[in-house]
Protein chains: 2
Amino acid sequence: MKKILLLIFVTQFMVGQTINSPNNKHVLSFWLSDEGTPTYDLKFAKTSVILPSKMGFKLKDQPSFEKGFTIVKVESSKVNETWKPVLGEVSEIRNNYSELKIYLSEKKEKERKIILTFRLFDEGVGFRYEFPEQDNLKHFVVSDELTEFNLTGDHKAYYIPGDFDTNEYSHTTSNLSEVNALVGRRTGEIFPNWNLAENIVQTPVMMKTKNGLYVNIFEAALINYPALNLEINKKNFSTKAILVPDAEGNKAYLQTPAKTPWRTILVSDDARELLSSKMILNLNEPSKIENTSWIKPMKYIGIWWGMHVGTMSWNYSDVGNVSLKTTDWKSLKPNGKHGATTENTKRYIDFAAKHGFDGVLVEGWNVGWEDWFGKWKEDVFDFVTPYPDFDVKELQKYAKEKGVEIIMHHETSASVSNYERRIDAAFKFMNENGYNAVKTGYVGRIIPRGEYHDGQWMVNHYVRVAEKAAEHKIMINPHEPVRPTGLHRTYPNWLANEAARGNEFNAWSEGNPPEHETILPFTRFLGGPMDYTPGIFEIKMDFYEKGRTNQVHTTLAKQLALYVTIYSPFQMAADLPENYNRYLDAFQFIKDVPVDWDDTKILEAEPGDFITIARKGKNSENWFLGSITDENKRETTIALNFLDVDKKYKATIYKDGADADWEKNPKSYLIEEKTVSSKDKLKLKLAPGGGVAISFIVN
Amino acid sequence: MKKILLLIFVTQFMVGQTINSPNNKHVLSFWLSDEGTPTYDLKFAKTSVILPSKMGFKLKDQPSFEKGFTIVKVESSKVNETWKPVLGEVSEIRNNYSELKIYLSEKKEKERKIILTFRLFDEGVGFRYEFPEQDNLKHFVVSDELTEFNLTGDHKAYYIPGDFDTNEYSHTTSNLSEVNALVGRRTGEIFPNWNLAENIVQTPVMMKTKNGLYVNIFEAALINYPALNLEINKKNFSTKAILVPDAEGNKAYLQTPAKTPWRTILVSDDARELLSSKMILNLNEPSKIENTSWIKPMKYIGIWWGMHVGTMSWNYSDVGNVSLKTTDWKSLKPNGKHGATTENTKRYIDFAAKHGFDGVLVEGWNVGWEDWFGKWKEDVFDFVTPYPDFDVKELQKYAKEKGVEIIMHHETSASVSNYERRIDAAFKFMNENGYNAVKTGYVGRIIPRGEYHDGQWMVNHYVRVAEKAAEHKIMINPHEPVRPTGLHRTYPNWLANEAARGNEFNAWSEGNPPEHETILPFTRFLGGPMDYTPGIFEIKMDFYEKGRTNQVHTTLAKQLALYVTIYSPFQMAADLPENYNRYLDAFQFIKDVPVDWDDTKILEAEPGDFITIARKGKNSENWFLGSITDENKRETTIALNFLDVDKKYKATIYKDGADADWEKNPKSYLIEEKTVSSKDKLKLKLAPGGGVAISFIVN
């Protein structure tokens, strides 16, 4: 690690400060207004990106941090270092920034102090508030964060509705002046929907200015604080922080010394730079886990899609009313559709072993699924009692013999107080029965009632689970948590999250539009890997039941391409084994594609339109390319100059058939082989809603 | 156990039912109104006590249980049995009642069913609602309970304010037409105070009719349901259930089969019968703990009163801002007042051993007290880390050698989510270090925020702790919990509770008026033992600091009498050892008095005026008598006919001095010895705020 620190102490009472990014493209200015209000603005390549914007807080039962400040001290420093992620898109990450630290104090009697830290990277800015230990500020409650991000014009924006509980929305695209988050708000799906105003959206918010600048507002290192929504003024394009509240309407309970998450602004004139930025990760703390040798990427299949398409059930019986305390599970009448049986799990283990998967997820193995959903029931699961038809010991023995891990599933039904009471026993059970990874789930309304998925209390819960899992050498993959903000750097056992609208919605709702996966890299994926569950080959749900109109909104080839465009070290092949058996030639790409990488090149990117990414496997010479489009067909020519210069590769190209179309003919695909080198170019043709996946295997 | 069951099945569509108590004094009638609303009334000795009163519920998101019912079936039965409490006021309890079970069904399409069970005892009535398993009612939310207790006139009532969080109030006495619960609502004490309307009071509500009937409304077996307040109509004296809500304003989340607690109405023309009633206990389930041999009564002293009078502190240092994660406790500067030091604890152990006490409570032994109070801080205590000056191992060794138990203290600061996360480790720590009893504490606002001390979630918490403690063979004594409702029958390790305004208030607030302890037996004590912490000899706080006006509002002799008038198997001698050393003659009574009894006789009782009780020690021939008065002096003559007929006793009489007065001269006492038999009478003279305590030791 190389670190250069340049400390410049500047005397008191200065009014303005500026700081440049290492490449001098970003210039951030900070000053106190006449009233003593902290204010900043941001320019990129001499173009204004953030107009003068205020910073501060309203506190409960004490004066606001809003004005009356004076600058006590200013420090600036530079850091330029590299570090190696445990798992990742690249093997090494450069952390290069200029830092400005402004020490503020109130002029008045209380002289309360805050510190503002700005870090300027080549890709953008992160800033945070710190509350140092001090006599007149010890324990306090944030009732509102006043941070503004005042935008320069009527940008085009890609957003999902502001919410306290869920991120599982499709994006809406509109100009800021026409923001209407309610368009994306769909009821009748799996979460409560909070009726926030139409002009409140979640971060990350992706924007494109009329001048072609890409601007993204988000946060990093969300710890002990609620998640950030933004309120957009549709007339003057100012925006302001809206934090997720608790039962009392309070936002955060803090105790000095305390820090907020980083507020981040990514800016570039090249969309690809935004996607390759590691700024969010760099703003997170290094790994707290010293020995990470037990942390492994996982490509997995699972007893899961069957429940979504309706051929299997999580629940063992259909009684609809059970109790952990009193139900005699053996006496229940099985419904005949239970997925997590010993026999079915063995079938999945066999398939995983045959095709080289690391793990098999088994959902619905434990008692309680008869009335888990929508009841706001507290004692819903115990995480240690299998259904009568699931033999834990037998299956672990079988899986071990086959060299496959069974992945634990802890659906909490959002009854988090219940999970916290039982988590020690649950992790002990995992250790005793050889499980090394768990998919957790938070479907429904949170218990403790009055708390929300994205509030401070739950944010602390997710971190607590990650820490406790690490103590037990367990890897985690939470579903329905708050969206990630780079904490997988600090907790590398936190392999992935859901925290967005995944592929499952295509099975039983209006689904995800073809553009969905071209926007996610600019929004949700900035925070960390997503367990999107790609790889659905039986695209149309009338395959399972005549008349069903649900379908995946991509071609089959695009499902393959997602294994490259979506980075996750915990990546599922989500379809049923029997479906893969009918398309083993296409399935070969899923078998071949790594889930951990030495290098990544963003070749093409435009939010809502297309993404093309090439990645080099971890400790491998082979490259893999994925290219996807939205609802429009697309032709593009890709220079293969990312390949190693003096090598020949066998390129296997999995592409849309000539007549492919996500809606009319999604399963039409062609597989083509070629020998190529870094000097070659490839012409790609993508069908509407289509994609292409290529493996480049060194000859 | 003797049980007589008489089942009478009655055909459908009957409109009215009556049931008598075994002594035929109480007659309860039940009928459906013209609208099909369940309705009851109650007569005692042919006098109306409860006028026609409705029963039912409002449910969330589904029709109310309010009307449209039809009677499907009626069962009646009688029970007459006896059982032996593990610890108690008497060695054997008779459970003798007539039961009426009414099966109701809605007439309309849903045909939802409820069962009403009425039990008539010689002392009063208990009734509860049951929700049996059924197709159209599985999981449901009670948004309001509609139970009425419509009173017959403008009774005199003794009450404390309705509240969600605390019972630590003095009583107000007024006629129902003048009920003003706000009079008793004192701010600036240790709890939040909810601004409920002036006509909402907590149960138990004690009343006296103009005809001299004593009527008490309360509940028994409060499990999985919120506590009961009553709304009083000051004009027509109807009253209605008001349940404690949660963060969402909901009252109870239930799942069939479910039961409410029993709603109880005690009625007698003799106040003494009300105090000797075991109806509340009889309405609770028998012990769930099979082997109770480890459950022992405890008379104890503790490092505790010093903190209340200000000579000691719970906290080790005065920094005011600490963290379980980051504070280096050894580096903190001690404040020099920390009570829970190894040395001080040894001093208390020595005193306990010398005077025959079972245990020494040590509060403030564990880290976190620097900012435990009023901060709504979640990670406040860990329950396993001692302060640097408290040597757990050394002290347990020392205590064991001296034959004394150290009593654990788990103050949660009402951060219950934190306690639940750590309770397994905390109980393990207790087992490993030889602790067999714990005083728990819930001072402050509950976390999860939005929950209340007396709501369903917390009610479940207290029971969960009792159950978990039993698994660890640990006895519990919760402070600031919901008030007890007889659950110490079901969980006999639940020795006592605070749940009312205890002696500590006299140290630092306007205190408890002299009448306080004469009302508590008619209200709070009906639910179970209270850890009131009597035995304060240094009555006036100016003993500790000149100018302090706080004082205990009794004479010293009355402090002794409280050991008999207040039943608790977990009873403290609350004052400082050095204070007892100056009054060892009076202290002898505290040393002699048992805390577990074979028999109890309520000799005199009038709420707000006086109480005289005699009790016979467990497995002993000795009797003890306590008599207390309110602010008025009192003379009474007590026939000693409760003593065994053919025995001589040495009576040691601890009485107020001739000039004693709670305010002017509280420490004036006299000790007199006499030989007496059951034929004798004793004339007692009690000073204003005074009392008398007598031990009758068989010669």
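Let's start where the chains meet: 34 residues of chain A are in contact with 34 residues of chain B, contact meaning heavy atoms within 4.5 Å. Before going further, please keep in mind that this is a predicted model, in which local features need pLDDT of at least 70 and side-chain atom pairs count only at pLDDT 80 or more, while totals for chains, interfaces and linings use all residues. Residues are numbered from 1 along each chain as its sequence is written, chains are lettered from A and ligands numbered from 1 in the order in which they are written, and side-chain values use heavy atoms, with hydrogens and water left out.

Between them, chain A and chain B bury about 2,600 Å², 44% of it on carbon and sulfur atoms; buried area is the accessible area (1.4 Å probe) that two parts lose on being put together, summed over both. On the side of chain A, the trio A:N321, A:R421 and A:R449 supplies 25% of the area buried against chain B, more than any other three residues.

The rule finds 4 salt bridges across this interface, a salt bridge being a side-chain nitrogen of Lys or Arg within 4 Å of a carboxyl oxygen of Asp or Glu. A:R445 forms a salt bridge with B:E248, and here the closest N and O atoms are 3.3 Å apart. There are also 16 residue pairs in polar contact across the interface of chain A and chain B, both residues at pLDDT 80 or more. A polar contact is a pair of N or O atoms within 3.5 Å; within protein, one must be able to donate a hydrogen and the other to accept it, and residues adjacent in sequence count only if both atoms are side-chain atoms.

Which elements of chain A give two or more residues to the side that touches chain B? They are β19 (252-255), α6 (416-432) and α7 (456-471), and α6(A) gives the most, with 4 residues. Helices (H or I, at least four residues) and strands (E, at least two) are DSSP runs, numbered from the N terminus. By class, this side of chain A has 8 nonpolar, 9 polar and 17 charged residues. Here Ala, Val, Leu, Ile, Met, Phe, Trp, Tyr, Cys and Pro count as nonpolar, Asp, Glu, Lys and Arg as charged, and the others, Gly among them, as polar.

Some backbone details come next. A cis peptide bond joins A:I447 and A:P448, with omega about 15°, and A:P448 sits in the loop between β25 (437-441) and α7 of chain A. In chain B, the peptide bond from B:I447 to B:P448 is cis, with omega near 15°.

Now for the sheets. In chain A, 3 strands form an open sheet in the order β14-β17-β18, with antiparallel pairing; two strands pair if DSSP finds at least two bridges between them. Strands β14 (200-202) and β18 (239-243) are at the edges, each pairing on one side only. The twist averages 35° from one strand to the next, where axes are lines fitted to C-alpha atoms, for helices over the stretch in contact, and angles run from 0 to 180 degrees between N-to-C directions. Strand β17 (residues 228-232) pairs with β18(A) over 5 bridges, and A:L230 has A:A241 as its bridge partner.

Chain B holds an open antiparallel sheet of 6 strands, ordered β28-β29-β30-β35-β32-β33. Its edge strands, β28 (597-606) and β33 (669-676), each have a single partner strand, so one side of each is left without a neighbour in the sheet. Strands β32 (residues 649-656) and β35 (residues 691-698) of chain B are joined by 7 bridges. Helix α10 (residues 556-565) of chain B lies across β28, β29, β30, β32, β33 and β35, running at about 125° to β30(B).
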